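Have a look at the structure, and then read on.

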Number of protein chains: 2
Amino acid sequence: MTACGVGSKVWMDGHICDVGQAHIDMSDRGFTLGDGLFETMLWTGKHIRYFDDHMARLARAASELAIALPWSAHELRDGLNTLAQDAGGQTAAIRLTLTRGTGPRGLAFPPQTVPHMLATLAPYAPSSTPLRLKTVTIARNCGAPSARFKTLSYVDNVMALNQARSLGADDAIMLGTNANVACSSGANIVIVLNGRALTPNVEDGALPGIVRGRLIAAGLVDAACITTHMLAACQAAVLTNALVGIRPVAAINARFLDSSLAVATELNNALALS
Amino acid sequence: MTACGVGSKVWMDGHICDVGQAHIDMSDRGFTLGDGLFETMLWTGKHIRYFDDHMARLARAASELAIALPWSAHELRDGLNTLAQDAGGQTAAIRLTLTRGTGPRGLAFPPQTVPHMLATLAPYAPSSTPLRLKTVTIARNCGAPSARFKTLSYVDNVMALNQARSLGADDAIMLGTNANVACSSGANIVIVLNGRALTPNVEDGALPGIVRGRLIAAGLVDAACITTHMLAACQAAVLTNALVGIRPVAAINARFLDSSLAVATELNNALALS
C-alpha cells in the first residue's frame, strides 16, 4: 500500500480504496433524503476510543430506522483500524456513514435495499480552548428521529452553528422544541448549577452522546430537564462529544463562566479513572 | 444522442451525461450533512409545470441557507428541458438537487464552496386514487430550516411515512411541534370545514408548497391554524403538491370523508381556470 497520508484512502463496503475512486451513487437515499446515520470517532494514534459505545449506538439507531447493518462490529473494527494506519501515531477523526442504500424516487422504503457503509479519515487534534456559546432560534425536534439519532439529516444543526457564528459565538446552544436546553450544534452540554453537574435529557432534544453516556454511567453527571432559567444561573459548563472529549465553555450568552476550565479538568480526570 | 429511456441520463453541473457516469463526491455536504435543497417538478410531456414557481422557491431557500445558485433559471430551464426529452410525450418527474458542495469534516461552512447541482428524470404518472391518512407521532420542526425549506434533511418525513404505512394508512398526517396540523409526509393538506377550504400555516410546519401557494393566491384556499380538533371535524380533505396536483383524501384516522373527491375535482378545475 502506498502511503499518501490521512484522507487519501477510504473504507467502503468492506474494502479500502483510494478516495478518488470512491463515489456515492446519486440515487443513494443518504444523499437524496438524508436517510442514514453516522458516527464520528477518535483515533488516538493506537486505537479507536469508545469503539464499542459507538457500535452499540449505531446498531440501536439503525434498528429504529429499520436499516440492516451490513457489517459486524468485529468486521468494522478491522476495516477502520486498517484505514487509520494512514494516521500513523497521530490522532485523527474517523467518520463512519451508513445509508439505507439506493432507491427509486419517493420517500417509501424500497422493497429491497442494500445498505451502504463507508468510512473516512481526517486529521484531527483535540483542542481544549474554552468556547463562547450563544442561544440560537433553531430548535432540536424533540422526539423525532433527527434528534434521537445521529442521522444524515443535519441541516438544522448546520444552520444553528452558522447563526451562532454570525452572532460572534463559537458554537450554538440549541433548545429543544419544548423550550428546554438540548445541546450545542455538535456536542452535548453539561452545566454545573449549585454544585450539581447536569446534562439535558434525550427527551428534550439531546443526542445520546457517547461521553455524555459515560459521564452519567460513572455517576459524575445527572440527566435532567434544564430550563433556560437554569442555564442563565449556572456557574460552569462544558461541551462533550466523542472527538472533543470534555471542553470548557468560556461564556454563555456573553456571561463569563470562570470555573468551567476547572470543571472540565475534573470531569476529564474522573472519567479517565472511572 | 442514443435514446435509452427515462432515467438513463442526468443533468449535472451544466451537462447531460449518462447516469452511470454521474456520481456524488463522498465529501459533498448534501451527502454528509443533508446540507442542500431539492425541487420535484412535473414534466407534462411538453413542458415543466410551475417552473417559475419552483425556481422562485429554490432561489429563496438557497438565499436563506446562504448557498449561491450556480445557474440561472434560464440555464436550468434549458438543461431540464433537454433532460426531459427522454420522456418523449409522457409525463415524468424531474428532481433538481442543489448542495453546498464538498467540504472538510465538520458543520461550519467551508471558506470557499462550489455548490453542486444535478437533475434526474423518473417515470411518473399522476394518480387520483383517494388516500387514507393517519396522524403520526413524528412532528415537523416548526420554524426550523428543515421545515421551512425543501432540504435534503428528510429523514423525519421518511420515518413519518413509514409509521403511517405500518398503521395501515397510505400517508401520514404530521403535526407541527406546536401541535397544530402541518402536512403529510410529502404534500400539503387542505381541509374543508363548514364550507371553508383551509391549509396549515408555514409557521405551523407546512412547507410553502407550489400548488398550495397557487390555491391561496387564487383565493380558493385560506392559510390558517388548523387544530387536531378541526381536523377531526372536517368534511373533506385533499393533498396537494407539484407532482400530484390535487389528490382526494379518502379517510383521516379511519373516519371516511365522502366529499373529498368532489372537492378535489372542484379545486382542480378552479385552479386550471385561475
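This is a predicted model: local features need pLDDT of at least 70, side-chain atom pairs count only at pLDDT 80 or more; totals for chains, interfaces and linings use all residues.

Two cavities of 30 Å³ or more turn up in it, and helix α2 of chain A shows how a helix can have a buried face.

**The largest cavity**

- Rolling a probe the size of a water molecule over the atoms shows where empty space is left.
- The largest cavity holds about 200 Å³ of space.
- Its lining is made up of 21 residues, and those nearest the centre are Ser146(A), Asp156(A), Asn141(B), Ser146(B) and Asp156(B).
- Two or more lining residues come from each of these elements: α4 (145–148) and α5 (155–166) of chain A, and α4 (145–148) and α5 (155–166) of chain B.
- Sorted by class, this lining has nine nonpolar, eight polar and four charged residues.

**The second largest cavity**

- About 50 Å³ of space is found in the second largest cavity.
- Among the residues lining the second largest cavity are Leu37(B), Phe38(B), Arg57(B), Leu58(B) and Lys150(B).
- In chain B, β4 (36–43) and α2 (51–64) are the elements that each give two or more residues to this lining.
- The lining of the second largest cavity counts six nonpolar and four charged residues, with no polar ones.

**Helix α2 of chain A**

- Helix α2(A) covers residues 51–64, and its 14 residues reach 20 Å from first C-alpha to last, close to the 20 Å expected at 1.5 Å a residue.
- Which residues of α2(A) are buried? They are Phe51(A), His54(A), Met55(A), Arg57(A), Leu58(A), Ala61(A) and Ala62(A).
- Viewed down the axis of α2(A), these buried residues fall within an arc of 165 degrees, so they line one face of the helix.
- An α-helix has 3.6 residues a turn, so residues three or four places apart point the same way.
- On the face turned away from the buried side, α2(A) carries the exposed residues Asp52(A), Arg60(A) and Ser63(A).
- The packing partners of the buried residues of α2(A) are β4 (36–43), α3 (73–84), β5 (92–99), β6 (116–123) and α6 (210–217) of chain A.
- After α2(A) comes Ala66(A), which has a positive phi, near 60 degrees.

**A loop residue, Ser259(B)**

- Ser259(B) sits in the loop between β15 (255–256) and α8 (260–273) of chain B.
- Leaving aside residues up to four places away in sequence, Ser259(B) touches Gln235(B) and Ala236(B).
- Val249(B) is ten residues from Ser259(B) in sequence, and their C-alpha atoms are 9.2 Å apart in space.

Definitions and conventions: Residues are numbered from 1 along each chain as its sequence is written. Chains are lettered from A and ligands numbered from 1 in the order in which they are written. Side-chain values use heavy atoms; hydrogens and water are left out. On a 1 Å grid over the protein atoms alone, a cavity is a set of points where a 1.4 Å probe fits but cannot get out, and a pocket is an open set with protein on both sides within 12 Å along at least five of seven lines; lining residues have an atom within 4 Å of a point. Grid points are joined across faces, edges and corners, and a volume is the space filled by probe spheres set on the points. Helices (H or I, at least four residues) and strands (E, at least two) are DSSP runs, numbered from the N terminus. Ala, Val, Leu, Ile, Met, Phe, Trp, Tyr, Cys and Pro count as nonpolar, Asp, Glu, Lys and Arg as charged, and the others, Gly among them, as polar. The expected span of a helix is 1.5 Å times one less than its number of residues. Buried means under 20% relative accessible area, exposed over 50%, partly exposed in between (1.4 Å probe, protein chains only). The arc is that of the directions from the helix axis to the C-beta atoms. Contact means heavy atoms within 4.5 Å.
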